[in-house]
Amino acid sequence: MRFLNIQARYLTMLFVLVCFFPDAGYAISWRITPALSARQTYDNNVFLRDIQDFETRLSPSVELLLEDERYSIKALAAANIYLYARYADYNRINQNYEFSSSYNATERLTVGLDGSLIFDNTFDYYLSDSGIPTSKIGRREITINPNARYAVTERDVISFTVAGTFIDYDSDTYTNSSGVRGGFSWVHAFSEILRGSLNLQTDATSLHSRYDHGERYLGNAMLGVEWDISERLTVSAMGGVIGTQTFFEEAGDSSTVQFGGAAELEYKPTQTTSLTVGLDRGVTQGVRGELISRNRARLNVNWKISERLNAGISCNIYDSISDYRSGVDTTRLSYNISPKLTYYFDEDFFVQVGYSRYETWNYTTDSNKSRDQVYVEFSVANPFGK
C-alpha cells in the first residue's frame, strides 16, 4: 500500500505539471490516453492444473505524455483484472506502473530517469520470461534506473546506466532479491547503414529466503553490429561472454562462464507485411534463486489485409536448464504459438479474436503439460491533449 501511495503522489505531481505548466510560456505539448479492454477467454488447462474455465480479463489503463523541445515525461498506470466463472480462487489483479523521463541538458548530453512498480504473480511472469511454469505466488518488483547518453562525435555515442531492482514474493520459501546493475555502451556509426557497439554490464544481487541467504555477481562483455541492408531489411547481432559467481551460506558456491548474445532480423517484403525473427541466449533467475541458462527463439508475422483488418502470428520457443542447487539440473523445452485476427473500427477501437497454444516438456522428470486458449477482446482508447 505504501508503494501505491508513492505512485499516486507521482501521478498527482505530473497532473499538476500538465494543468499549470503550459502557461509558463514554453512550447509544451501533452497527451493523456485513458484506455479499456475486455477479453473473454476459454482456457482448457487453467494454471496447468487440469481444470477448465472461462476467464474474463478487464484491463483499464491511463498514459500521460508531457514534452517540449528539451524534455519528455511519460507515465503509465495499468491493471489486468482476472475473473473466473467457476474457480474464483484464481481471481487476481496484476498492476503495472511505469515512469520515464529524459532531459536534453546540452546538444550532446541527455540524462534520464526511469522507474517501474509491478504487482503480478510468478506463473504469469516466468511463463513469458523463460517458458517455465510455476505456482501462482504474488510477486512485486521495483526498478529505478537513472541513465545518461552523450554524443562524443557525430559518429560515436556512449551511454551509462545504473539500475536498482527489488523483487519480493508472498512465499518465504521463494528467494527475494535486491540488486544493483551498472551498464556502459559505445555505439559507432561506420556509415549511415552500418553501426557497431561495445556493451559492458555488471550486476550485484543479494538473495534471501527462509532456507538460505547468499549473493550473486554477474558480468558480461559483448560486441554488436546493426546493418540496414535495405529500406526493407535490417539485421543485428550481439555476442560475448557472460560470467556468474554465486555464494550461498547453505548450498555453497558456484560459478559459470558461457557464451551469450542475441540476433534479430526485421523484414518488410511489402508495405502491408512484416516479419521479425529473433534469437537470444543468456541467463535469468528462478523463484528459488536458481540460475537459469535460457535459449530463446521468437517469430512475429503481421499482415495488413485491408485498411481495417490485420492478421498476425507470434511464436516463442524456450530451451532452458535450471540449476536448483540440489545437484540435479532441470532441462526443459517449451513453446507458445498465438495466431490472431484484428478488426479496427477506427485507430482507437478494435476487436480481436485469437488462439494460443502452450506446451512444455520436462526432460528431467520425463513429463509434459499443455494448454489451449481461445479468446475475443474489445479495446477502446480516448486520447486527448494539445
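Visitor: What secondary structure elements does the chain hold, and how many?

Guide: The chain has two helices and 19 strands. Keep in mind that the model is predicted.

Visitor: How does the radius of gyration compare with the globule rule?

Guide: The rule gives 21 Å for 386 residues, and the chain comes to 23 Å. The two values are close, so the chain is as compact as a globular protein of that length. Along the principal axes, the C-alpha atoms fill a box of roughly 65 × 50 × 50 Å.

Visitor: What share of the residues counts as buried?

Guide: Buried means under 20% relative accessible area. Of the 386 residues, 38% count as buried.

Visitor: Which residues of α2 are buried?

Guide: Start with the helix geometry. An α-helix has 3.6 residues a turn, so residues three or four places apart point the same way. In α2 the buried residues are Thr122, Phe123, Tyr126, Leu127 and Asp129. Leu127 is in touch with Thr122, Ile132, Pro133, Tyr318, Tyr358 and Arg371, not counting residues up to four places away in sequence.

Visitor: What happens at the ends of α2?

Guide: Asn121 caps the N-terminal end. One of its side-chain oxygens lies 3.1 Å from the backbone nitrogen of Phe123. Just after the helix, Gly131 takes a positive phi of about 75°.

Visitor: How many aromatic pairs are there?

Guide: Two rings pair if their centres lie within 6.5 Å. The count comes to 14 aromatic pairs. Take Phe47 and Phe123: the ring centres are 4.7 Å apart and the planes meet at 65°, so this pair is edge-to-face. Phe47 sits in the loop between β1 (29-43) and β2 (53-67), and Phe123 in helix α2, so the pair ties together parts 76 residues apart in sequence. Both Phe47 and Phe123 are buried. These two also form one aromatic cluster with Tyr84, Tyr87 and Tyr90.

Visitor: How are the rings of Phe160 and Phe184 arranged?

Guide: Their centres are 5.3 Å apart and their planes lie at 50°, so the pair is tilted. Phe160 is in strand β7 (residues 156-169) and Phe184 in strand β8 (residues 176-189), 24 residues apart. Phe160 is partly exposed at 43% relative accessible area. Phe184 is partly exposed too, at 25%.

Visitor: Which charged side chains sit over rings?

Guide: Here are two cases. The charged end of Arg92 sits over the ring of Tyr82, 3.8 Å from its centre. Arg139 lies over the face of Tyr125, at 3.7 Å from the ring centre.

Visitor: Is Arg57 buried or exposed?

Guide: Its relative accessible area is 15%, so Arg57 counts as buried. Arg57 lies in strand β2. Its side chain makes a polar contact with the side chain of Ser59 at 3.3 Å. Beyond neighbours within four places in sequence, Arg57 is in contact with Ser37, Ala38, Arg39, Asn80, Ile81, Tyr82 and Glu377.

Visitor: How far apart in space are Pro146 and Ala163?

Guide: Compare position in sequence with position in space. Pro146 and Ala163 are 17 residues apart in sequence and 6.6 Å apart, C-alpha to C-alpha. Pro146 lies in strand β6 (residues 138-151). At 37% relative accessible area, Pro146 is partly exposed. Its contacts outside four places in sequence are Gly112, Leu113, Phe160, Thr161 and Val162.

Visitor: And what separates Leu309 from Ser159?

Guide: They are 150 residues apart along the chain, and their C-alpha atoms are separated by 40 Å. Leu309 is in strand β15 (residues 309-323).

Technical notes:
Residues numbered from 1 in each chain as written. Predicted model: local features only at pLDDT ≥ 70, side-chain atom pairs only at ≥ 80, totals over all residues. Heavy atoms only, no water. Contact = heavy atoms within 4.5 Å. Buried < 20%, exposed > 50% of the residue type's maximum accessible area, 1.4 Å probe, protein only. Helix = DSSP H or I, 4+ residues; strand = E, 2+ residues; numbered from the N terminus. Polar contact = N/O pair within 3.5 Å; in protein donor to acceptor, adjacent residues only side chain to side chain. Phe/Tyr/Trp six-rings, centres within 6.5 Å; stacked < 30°, edge-to-face > 60°. Lys NZ or Arg CZ within 6 Å of the ring centre and 35° of its normal. Rg over C-alpha atoms; globule rule 2.2 N^0.38 Å.
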